[in-house]
Amino acid sequence: MLNRLEKEKTGSTPYILFDADQHYMKFAGESFHENVIEFYGEIDSNLGEYMATDFGKFTFDCELTYFNSSTAKLLLNMLLGMDDAIAGTDKEVIVNWITTEDNDIIIECGEDFEEEVENIQFNIIMK
Amino acid sequence: MLDGLGLETNEDKCVGCNKCIFVCPTHANDAYLTHEANRIHVNDDLCIRCGECMDVCDHAAREITDDTVRFFDDLSKGEEISIIAAPAIKHNIPEYNKLFGYLKSLGVKVFYDVSYGADITTWGYIKAYTEHGAESMIAQPCPVIVNYIEHFQPSLIKQLAPVHSPAMCTAIYMKKYREISGKIAFLSPCISKSNEFEDPNTHGMISYNVTYKELLKYLADKKVDLADYPEINFDNVEGSLGFTFSRPGGLRENVKLYLGSTLWIKQIEGIKNVQHYFVEYEKRVAEGKPVPQLIDVLNCEHGCNVGTGTNKTLEIDQIDYQTNQMKYKLEKRQAEELMAYFDKTLTYEDFVRSYNDKSHVQVKATEKQLEEVFTRLEKYTPAERKINCFACGYGNCYDFANAVALGQNHIENCFNYSQKLLHEQALEIHDKNEAIVSSLEYASKIQRNLLPARDAFDKSFHDYEVLWHPKDIVGGDIYWFRQFEDGALLCVCDCTGHGTPGALLTMLVATTLDSIINKDNYSDLGSVMMNLDKRMVEVLNVVEKNHHAGWKNTTSINDGADLALLCIKKTGEITIAAGNTHVFICDGKEVQDIKGQKIHVGEGLITSPEMIEISTIKNSPNLKYYVASDGLFDQIGAASGIPFGYRKFKSIINEKHDAALKDIFEEVWCEFEAHRGEECRRDDVAFVGFVP
């Protein structure tokens, strides 16, 4: 597992950061690359390994302004994976879904994701 | 003994501008590719250490290597070392007496002025002319010139003055006549002196070449304040005019002082001037034509005071002023006495040096090799081989081709070739792009043909409008429609992806709907969804899986579709089943937003029709229905940086509710484009509106 993984944003992929030591993950920008599996593969497997460890609290800041349906599926799977990992334990996962008041599309996506998770503290934050 | 080449390249700082190749007098710079980047390094076989590349490089990529650090290390280990200082020290380090105080405190034995050695050199030259039959001599204190002649013009070796340089004469004097033991370090303005001291013909008499540049840097790094040290003077007796050797014409001044103005002395500086002159000189010598008796020659245009081992910050007039002041103090009587003293005490043969022919046959590429390179460069005509621009640094296409043939350069360094390559690549890209686009445009025709014809809606609706705008010629969004006796089925479908992959999925959905829908089942929306899902799973070989069976699952997203099914019965009942697709119903006062279920078609998860949520609407005449794929709402705008959104859309369809759908759609698309601005399209758009 890579303790720290960071990728600068490109035309069709977002800025992503995973930091196991800081117990933190961040996505920001747009995500509409055709092959999301290839792009997110590494960070996803890092997250998976991390979730199996005995962390206390993990924070995920998600600040995407646009994402295609493949990304949406992947995000959902990630969230559900994290949700399962902390079920029945003392571990905490905080997801900050960061957007702006006028972005009803992203707000709605956030609300949809919020409905899917049970154990994650899901916050929709409007900047 | 002496290590360090004198000059080396810092590859990290080099940017491959080729200026060093341009200024190098001996083609001693080789260009190579590293990670597709052009870099240049010194070719040690050919470098004469003239310093031109150091001057021209504005990336600080050419660095001095000398013996400064080794000198201080050895001194600290207790090595017995004496210092000799070039005349240039008086200008470069005016507080040199204090420097000597510092060096003495570190254990340096004695301090000798190379100006004294220069006087001995002068004496040796006079002896050469008056007693040893010298006719035409090339002065040799400049080691760059000696390097050049030994390596590139060995026929001139016999013209080189047979007397050692001032530094060497000082060392010989110290060892033989003053019996000073131990090693000698030279405080030096010149990187090429390292070569002189390494040469077998100087017998290892001087062990360290300590340049002022590196010395001053060393003192600064160690935070040495020379003011803290006492002044120490040179240990040698005072000499004569030897201190002028470090400026152009200094040697000439000295020789003239004793041999008078009848001696034909030529003074020349600057390696390119020298190269040019030596060609003529060699010819005249060979032909027995009159040539100067002494050629006072220096590599550095302004002399050793601003040589390759200095910081080159001194002003020439200041140097001359100071030198002249020192001259005025001198008396002719003093000079003559010195020469008489040398006559009495020194043996000429002790100060004689010889030279070696170090030239090797300059390998030149053969005609055939040149031809090969020109072919690779795609230079076929004489004009193309004579462009002679300076991009590669050579200024001559044949020289460049020669260098490439010998492995000293690479074809990518040729600007003309690179341009041709880029042009060819651009043409290839253009052709490929045209082929791809024309293929897509034909595919687009096929895709359009599978969309329902406009008149399919004619018989079914009072008003309707469709908008189908793929992102890239073909797209992943379609709409499907069929009218039956008692009703109709409309499907608006957004397949995963866009472009060609999306388009292939739309073909699958359309043909599947074609084959499974009939007059008996079209209104059973749950079954329609389930069967469509089943068919897609079959055709696309999807392995059924659960949503979250561990992390492995995330990395196998499969393809599918988000769609809305609307069954419009003639009775006025409208049923809706939708997965991740909004259906908007507007009555002119407000807009009802039927969000759709969170379910994807094509994942094998729709196992029974009952899983599908159905909404039922009782139609009334003032209602207008709208279904669109997310490409309409998710489009990021250039100015706002956020998506188009539902709010904007809902307000338009509500405000313009009374207009014809055609006008409403025009307004929506107009606003969409205004919002999008310069931003690229993110996704396909399929948008259908109808009034039952």
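This passage describes a sheet in chain B, the contact between chains A and B, and the division of chain B into domains.

The structure is a predicted model, in which local features need a pLDDT of at least 70 and side-chain atom pairs count only at pLDDT 80 or more, while totals for chains, interfaces and linings use all residues. Residues are numbered from 1 along each chain as its sequence is written, and chains are lettered from A, with ligands numbered from 1, in the order in which they are written.

In chain B, 4 strands form an open sheet with parallel pairing, in the order β6-β5-β8-β9. Helices (H or I, at least four residues) and strands (E, at least two) are here DSSP runs numbered from the N terminus, and two strands pair if DSSP finds at least two bridges between them. The edge strands of this sheet are β6 (111-113) and β9 (208-211) of chain B, each of which pairs on one side only. From one strand to the next, the twist averages 25 degrees; axes are lines fitted to C-alpha atoms, for helices over the stretch in contact, and angles run from 0 to 180 degrees between N-to-C directions. Helix α3 (residues 68-76) of chain B packs on the sheet and touches β5, β8 (183-188) and β9 of chain B, its direction making about 115 degrees with that of β9(B). Strand β5 (residues 81-85) of chain B pairs with β6(B) in the parallel sense over 3 bridges, and B:Ile83 stands opposite B:Phe111 in β6(B).

The contact between the chains takes 27 residues from chain A and 22 residues from chain B, two residues being in contact if their C-beta atoms, placed from the backbone, lie within 7 Å. On the side of chain A that touches chain B, at least two residues each come from α1 (36-51), β4 (57-67), α2 (69-86) and α3 (104-116) of chain A, and α2(A) gives the most, with 9 residues. By class, this side of chain A has 8 nonpolar, 11 polar and 8 charged residues, where Ala, Val, Leu, Ile, Met, Phe, Trp, Tyr, Cys and Pro count as nonpolar, Asp, Glu, Lys and Arg as charged, and the others, Gly among them, as polar.

Chain B is divided into domain 1 (8-65), domain 2 (67-351), domain 3 (363-404 + 411-448) and domain 4 (451-691), with bounds that come from an automatic or database domain assignment. The C-alpha centres of domain 1 and domain 3 of chain B lie 26 Å apart, and 8 residues of domain 1 of chain B are in contact with 9 residues of domain 3 of chain B.
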